[in-house]
Amino acid sequence: MAISVEKRFEPPAIEFEECVEENSEDRLTWTPYMYFKDFVTEEMLQEIAEETNLYSVQKDGKSVNTNAKEIEQILGMYMHMGLDQMPNIQAYWEMETRYPAVCDVMSRGRFLKLLMLIHFQDNLNEDAKKDKLWKLRPWLEQLCQSFLSIPPEECHAADEIMVPFKGKSHLRCYMPGKPHKWGFKMWGRAGQSGYLYDFDVCQGADVGASGDVLKMTSALPAGQNHKVFADNYFTSVPLVEHSKQRGIYYIGTVRMNRGKNCQLMDENDLKKKGRWSLDFRVNQEDIIIVRWYDNKAVNLISSFVGIEPLGSAKRWNRKAKSHIMVPRPAIVDTYNRFIGGVDHLDTLTALYKYNFRSRRWYLYIWWHTVTVAVIHAWIRYKRDLEKLKTSQKPLPLRRFQAYVATSLTSAGKGKKCGRPLSSPEATPTPTRKRKSTVMPPDVIRDGIDHFPTWETRQRCKHCTGHFAHVYCVKCRVHLCMNKDRNSFLAYHHAK
């Protein structure tokens, strides 16, 4: 790397050319369930059902006879478990702690059997076994293509993602700097919103850290001035130069042994000059390396942001015993602002994710990707509302996941009669009070098992000025149905 001490850094023109989705207005009437199914498609669920049936025949000699609708119910039950977490799976069916959103969908035995048999790839496919992730590869490839179909944001962070796992697996690794030290390591490229555009599960040191970032950014369109941020594990000078040639600009912390012939001022010399001093060099390709001394020396490399304009940062002054504002280079400020995309995604995935225990290691990765798909649906839903500037207030993630879960377990599915409770006298008396929550539109309009029963008189959910005895057992609402009004029909066919 040829260094010119005299050369000043000249920031390039980096105006971002945004790709706008043309059909965002069409999604104005989409439900949370429809947003989720745009990522986890019917074809993906059907393939899981077929492979599960095939594996059950290979293992037990008879098919478990599952289908895509039942796989949907498994996903919905998992999401409900994440919203109301209990110490083990059995607790959702036990008398004292039963959770109707889970236990009323299917029996515990059926649920556990499907979890034991669920499969994504034929075990007899010898060619697929050359891949360490062959058991999950079809699902990962299809889901990754779904994620990549969304137009990318301007700024992206490349970082590691840990899927917690402490069992036995040839892919398990140990990372002492992570909150979950044992687990599966994934490479990910996420936008500032937390949307994971591209990912891959680490299978060992195949191409090196810089090569992994090249793989993560290869799907970014060239020449649109996207910005990528990464830490010193990934960053190298050839990577920054290669990205710049494609019209993708880069900022990252860098290890100085990767910047050959770059003689920056020693850390001790910067310390003598005083805190917040800095030194920099610019190479012939107009890439700048900056060493800034704060509590310790920080080395950063950039192809589009330099030292100026100087910003400010709040620091504690021990002598004055108060906070003071100190100068901070623009490269440091920009890096701190946009590096947290993957960390933001990790925060969201930890909120409502239920941690199953299983000997089948690849299920941990599968459940994690399902959780990410829910978060992606929520981010896209919020993005659409923001673009269309509607007066509708976006749902928080908790309620959005609840809507998706209820639709997955109920929309288009009939109620299955399980085994009755062992002690009828201990059956909790159902409340007669009309619930304030309503079913998602996907459930209301599915036309399956909406049976009317006669209940205590309460206000009609459709025409709120009247009272009704008729009660829909699936939607759990009172509706008028007499010679003057048929709100039961109107409610279930409302647009």
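Visitor: How are helices H3 and H5 oriented to each other: roughly parallel or roughly perpendicular?
Guide: This is a predicted model. In it, H3 (residues 68-83) and H5 (residues 108-117) pack at an angle of about 105 degrees, with their axes 11 Å apart. Angles from 65 to 115 degrees count as roughly perpendicular. H3 and H5 are therefore roughly perpendicular.

Visitor: Which residues of H5 make the contact with H3?
Guide: On the H3 side, the contact uses Glu-70, Ile-74, Met-77 and Met-81. Facing them from H5 are Arg-110, Phe-111, Leu-114 and Leu-115.

Visitor: How many nonpolar residues does this contact of H3 with H5 have?
Guide: Sort the residues by class. The contact has 2 charged residues and no polar ones. The nonpolar count is 6.

Visitor: Which kind of aromatic pair do Tyr-249 and Phe-304 form, stacked or edge-to-face?
Guide: The count of aromatic pairs comes to 32. For Tyr-249 and Phe-304, the ring centres are 6.2 Å apart and the planes stand at 65 degrees. Planes over 60 degrees apart count as edge-to-face. So the Tyr-249 and Phe-304 pair is edge-to-face.

Visitor: How many residues apart are Tyr-249 and Phe-304?
Guide: The pair links distant parts of the chain. Tyr-249 belongs to strand E7 (residues 248-253). Phe-304 lies in the loop between strand E10 (297-302) and strand E11 (311-317). They are 55 residues apart.

Visitor: What distance separates the centres of domain 2 and domain 3?
Guide: The protein is divided into domain 1 (25-131 + 352-410), domain 2 (150-349) and domain 3 (441-493). Taken over C-alpha atoms, the centres of domain 2 and domain 3 are separated by 56 Å.

Visitor: What is the average pLDDT, and where is the pLDDT below 50?
Guide: The average is 86, and 91% of the residues score at least 70. Residues 1-5 fall below 50, with 16 contacts beyond near neighbours in sequence. Residues 417-436 also fall below 50, with 15 such contacts. Where pLDDT is low, the predicted coordinates should not be read in detail. In short: average 86, and below 50 over residues 1-5 and 417-436.

Conventions. Residues numbered from 1 in each chain as written. Predicted model: local features only at pLDDT ≥ 70, side-chain atom pairs only at ≥ 80, totals over all residues. Heavy atoms only, no water. pLDDT = per-residue confidence, 0-100. Contact = heavy atoms within 4.5 Å. Domains from an automatic or database assignment. Axes fitted to C-alpha atoms, helices over the stretch in contact; angles between N-to-C directions. Helix = DSSP H or I, 4+ residues; strand = E, 2+ residues; numbered from the N terminus. Parallel < 35°, antiparallel > 145°, perpendicular 65-115°, else oblique. Nonpolar A, V, L, I, M, F, W, Y, C, P; charged D, E, K, R; others polar. Phe/Tyr/Trp six-rings, centres within 6.5 Å; stacked < 30°, edge-to-face > 60°.
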